[in-house]
Amino acid sequence: MSDLGQVPWPPGLIRTERLVLREPEARDRTTFIELLASPEVHTYLGGPRPRDEIEREMPEVPERRPGSFVVELDGAMIGQVLLRRATGHRRPAAVGKADLGYLFLPEVWGRGYAAEACAAALGWFDGVLPGEPVVLTTQSANVGSMRLAAKLGFTEVERFHAWGAEQWLGLRPPAT
Ligand SMILES: CC(C)(COP(=O)(O)OP(=O)(O)OC[C@H]1O[C@@H](n2cnc3c(N)ncnc32)[C@H](O)[C@@H]1OP(=O)(O)O)[C@@H](O)C(=O)NCCC(=O)NCCS
């Protein structure tokens, strides 16, 4: 994965009905560590890395790069939405395309926040890189993620086996 490339960054605050999307700040560091060290969050992502390793490597201001959004609810970070470029993807259909990823704290799952935040991030993407499709890779066993992908307008390109599990590659066509 690499950065999206030449896009205006950071964006202004993006407000949805219930959430704010913004660039990461130093005050988000603890939640980033929580997200990356959580076994529950990483159930379908190959398991978490050791917490002490994550803490050691996490910069003072985490994940500050184009396409990396902190999702905030009532002033506190609840998740991350990430748009990057799939430069090294295993499947030719995805190589070089923008790629959507998302991680939310388990205590906020099931309230539609991920769908609301991802839709807003994709809206931002359509504005800065119009005419570009977006891909998404998720384990097909990750039911919540599969449902979210469908809600966001991704449809199946193919399934493939990698990282010890069946993976689903979806594509969202360019907005018209
Ligand atoms: C994948 C993940 C983001 C999904 O989160 P989520 O909270 O289940 O996703 P959504 O925002 O779509 O919300 C789901 C449910 O909230 C419900 N909901 C409750 N209140 C709602 C509201 N006010 N508005 C909309 N939906 C609402 C919906 O009915 C929806 O359920 P459904 O899909 O059965 O219809 C989350 O499980 C996660 O962070 N997992 C770990 C990381 C991961 O696996 N990422 C994938 C790799 S890319």
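Which residues is phenylalanine 154 in contact with, once its neighbours within four places in sequence are left aside? I took this up as my opening entry, keeping in mind that the model is predicted. I found phenylalanine 154 in contact with Leu100, Leu122, Val134, Val135, Leu136, Ala149, Trp168, Gly170, Leu171 and Arg172.

Next I looked up the largest nonpolar core, which holds 36 residues, and noted that Phe154 is among the members that touch the most others, together with Val81, Leu83, Leu100, Phe104 and Trp124. Turning to where this core comes from, I listed β3 (68-73), β4 (76-85), β5 (98-104), α3 (113-128), β6 (134-139) and α4 (143-151), each of which supplies at least two residues. The largest share, 10 residues, comes from α3. I also recorded a second, separate core of 11 residues, which includes Ala37, Ile54, Val70 and Met77.

I then went through the backbone, with a reminder to myself that most residues other than glycine have a negative phi, and most peptide bonds are trans. Against that background I noted a cis peptide bond between tryptophan 9 and proline 10, with omega at about -5°, and I placed proline 10 in the segment before β1 (14-15).

Glutamate 63, which is not a glycine, has a positive phi of about 50°, and I located this residue in the loop between α2 (51-57) and β3.

Aspartate 74 counts as exposed because its relative accessibility is 76%, where exposed means over 50%.

Terms used. Residues numbered from 1 in each chain as written. Predicted model: local features only at pLDDT ≥ 70, side-chain atom pairs only at ≥ 80, totals over all residues. Heavy atoms only, no water. Core = buried A, V, L, I, M, F, W, Y, C linked by side-chain atoms within 4.5 Å. Buried < 20%, exposed > 50% of the residue type's maximum accessible area, 1.4 Å probe, protein only. Helix = DSSP H or I, 4+ residues; strand = E, 2+ residues; numbered from the N terminus. Contact = heavy atoms within 4.5 Å.
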